[in-house]
Amino acid sequence: MMNLPFFYISDYDGTQNEIVLNEETSRHVVQVLRMKVGEQLNLTDGKGNLLTCEIADDNKKHCLVKVEGTRYLPTGQAGKTQDTRRVSIAISLLKNANRFEWFLEKATEIGVSEIIPLICERTEKEKFRYDRMQGIVISAMLQSQQVWLPELHEPTKFENLIIKQLDDCSKYIAHCMNEESKMQLDRQISKSVNQLICIGPEGDFTKEEIELALKNNFTPVSLGSTRLRTETAGVVAATLLSITNN
């Protein structure tokens, strides 16, 4: 089933027997893939629903498809079930937008649940093109054939995230300061609890930011013996948390 062309729809209420694809998707289906009436494709709403559909009207602007079958899949890749533990990555924005976009793509492919762009004391760039970033996340979800779209937040100030009441998850902060209490992240993870980790900017979190996190019950962790770029640290953290999730 997943060998069929795979597309995203923003809304699906479960009662729809027919769906009109938006103009961009319609053009891709009809003009790029040259699909015709009677051919099948897959759709997902990014909320666990996988729809198998048949083209009823191959209009290049308003392609109409009939829903032939639906499946609801727990988190993870289509056709594969996992538990529902959330993996959230809060990561500083980067001056180089391409590097941040690369992180978004890889984190989505890995299968994280939530991405929170952070504005820290040493964050060099605060401009954030949400529509573009959301498009990258959607494309990565489709490319990796998943049916869950990570929740992408608008940029959040570090202190605002830290002081929120987040009692339903284990909270970590990865920083570069020497500290005897830091443990390797993979030794801290519980399979039964939601996970949130904070990744700082290139200059690391400030001492004050780290202290604020520790006062709010964040656990300091290390991602290894080498110093990593922000986007690399994010991918390493996402990988460690997601692998433990399986």
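**Aromatic pairs in the predicted model**

The structure holds 5 aromatic pairs, where rings of Phe, Tyr and Trp (its six-membered ring) pair if their centres lie within 6.5 Å. As this is a predicted model, local features need pLDDT of at least 70 and side-chain atom pairs count only at pLDDT 80 or more, while totals for chains, interfaces and linings use all residues. Residues are numbered from 1 along each chain as its sequence is written, and side-chain values use heavy atoms, with hydrogens and water left out.

Take Phe100 and Phe128: their ring centres sit 6.2 Å apart with the planes at 80°, so this pair is edge-to-face (planes over 60 degrees apart; under 30 is stacked, and the rest are tilted). The pair links distant parts of the chain, 28 residues apart, with Phe100 in helix H2 (residues 97-110) and Phe128 in the loop between strand S7 (114-119) and helix H3 (130-143). Helices (H or I, at least four residues) and strands (E, at least two) are DSSP runs, numbered from the N terminus. Phe100 has a relative accessible area of 2% and is buried (under 20%; exposed is over 50% and partly exposed in between, with a 1.4 Å probe and protein chains only). Phe128 is buried too, at 13%.

Then there's Phe158 with Phe205: here the ring centres are 5.0 Å apart and the planes at 40°, so the pair is tilted. This one also joins distant parts of the chain, 47 residues apart: Phe158 belongs to helix H4 (residues 158-162), and Phe205 to the loop between strand S12 (194-199) and helix H5 (207-215). Phe158 is buried at 1% relative accessibility, and Phe205 is buried with a relative accessible area of 1%.

Back at Phe100, one aromatic cluster is formed by Phe100, Phe103, Phe128 and Tyr130.
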